Amino acid sequence: MAEKVRLGLIGCGAIAQEAHLPGFAVCQDVEVVAVCDTDQGRAQEAAERFRVPSVYTNHLELLADKSIHAVDICTPNYLHAPQTIDALRAGKHVLVEKPMATTREDAEAMLTVAGQTGLVLMVGFTHRFNRANRYLKKLVASGVIGEPVSMRVRMAHHGPYDSWSARSDWFFRHEMAGGGAVLDMGIHALDIMRFIVGEITEVKGMTAGKVHNIKDEDLAVVLTRFANGALGSIETGWHSHPGGFGGIEVYCTEGTAVNDFASGLKVWDLRGEMRIVRDDELEGDGGHAFEVRHFVECVKNGTAPEVDGTDGYKAIDLALQVYGR
Ligand SMILES: NC(=O)c1ccc[n+]([C@@H]2O[C@H](COP(=O)([O-])OP(=O)(O)OC[C@H]3O[C@@H](n4cnc5c(N)ncnc54)[C@H](O)[C@@H]3O)[C@@H](O)[C@H]2O)c1
């Protein structure tokens, strides 16, 4: 594609306005030409902040614009599957936020339509675009610190309203979210485990509701077994105030690597010598800007995304197993 990718964004809440639209704004190969939100004021606000010419309150009207090549779906979880399928059927490439769906059946339907249309279907697993996590993946794959034996991930905060700035009330409504902290935060942890160490063959978990008065869990501990025989553990939730540990630890036969979200990336060898990985050793610019630019590049160049619908499906499958579903 020689021209810029013409993109429409659906769902103008927190992730759209704080992460995706700022990312598109610094990407030269894309032009955001339309936004849509059922809350007209919010759609208008996003359009004004990011100088987007067309504003819709119904995603089907946005999809009817034949000049739009691709859409970014940033709506509540229960809308991801139907809106993705509508978009693919309208001939648009899709970037959809995680979780890509709330049931296996919906995720399968998305994969089927993506396969039939041959369009890009990418899932917004942002942590794969984190610079330190990409370093960890390469380090483990290189074998320099040996074979992974265990992995521990802690991803938690105090919830979508206290710690994240969600703009509408769906997160605590089961019929809209499909689950609690596991489907929201734990799914990132499950995906990053697959990204860094490899396929997960077994998952078990315990969930609890300790902090928020909601139907779904706000705390979970999850155990995983990897295809290479290594074991993993995850603590995730909407229960955790600032402080303590947040990060990713990989213990290998010849060393240890830790991405401490607060203090950075460190690697230890067998003698216990620790090396702090310098910023200039990390590739890319990281985060949502990197993620949305990767999507634009895939659409423009006709290439497959690094994180696709199958990755989205596998993460949902694992998260639902934690729920016993
Ligand atoms: N990748 C990440 O790290 C990350 C971080 C936060 C949120 N998310 C995901 O992003 C999605 C949105 O979360 P958020 O925090 O932005 O929520 P939000 O409540 O702030 O925004 C959702 C927006 O969608 C709009 N909306 C609802 N129904 C709609 C419809 N039918 N058509 C168009 N718009 C509609 C709402 O009015 C709201 O403005 C969720 O799936 C969430 O899991 C991902």
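Colleague: Which residues come nearest to the ligand?

Modeller: Keeping in mind that this is a predicted model, the residues that come nearest are Gly 11, Gly 13, Ala 14, Arg 167 and Ser 168, out of the 28 residues around the ligand.

Colleague: And what classes do the residues of that shell divide into?

Modeller: The shell around the ligand has twelve nonpolar residues, along with nine polar and seven charged ones.

Colleague: Which helix gives the largest share of the shell?

Modeller: That is H1, which contributes three residues, the largest share of the shell around the ligand, while H1 and H4 are each the source of at least two residues there.

Colleague: Changing topic, what domains does the chain have?

Modeller: The domain assignment gives domain 1, made of 5-126 + 288-308, and domain 2, which covers 131-284, and the C-alpha centres of domain 1 and domain 2 are 26 Å apart.

Colleague: How many residues of each domain are in contact with the other?

Modeller: On the domain 1 side there are twelve residues, and they are in contact with 16 residues of domain 2. Helix H1 (14-25) and helix H4 (77-89) each provide at least two residues of the side of domain 1 that touches domain 2, and by class that side has six nonpolar, three polar and three charged residues.

Colleague: Back to the ligand, which domains does its shell draw on?

Modeller: The shell around the ligand takes at least three residues from domain 1 and at least three from domain 2.

Technical notes. Residues are numbered from 1 along each chain as its sequence is written. This is a predicted model: local features need pLDDT of at least 70, side-chain atom pairs count only at pLDDT 80 or more; totals for chains, interfaces and linings use all residues. Domain bounds come from an automatic or database domain assignment. Two residues are in contact if their C-beta atoms, placed from the backbone, lie within 7 Å. Helices (H or I, at least four residues) and strands (E, at least two) are DSSP runs, numbered from the N terminus. Ala, Val, Leu, Ile, Met, Phe, Trp, Tyr, Cys and Pro count as nonpolar, Asp, Glu, Lys and Arg as charged, and the others, Gly among them, as polar. A residue is near a molecule or strand if its C-beta atom, placed from the backbone, lies within 6 Å of it.
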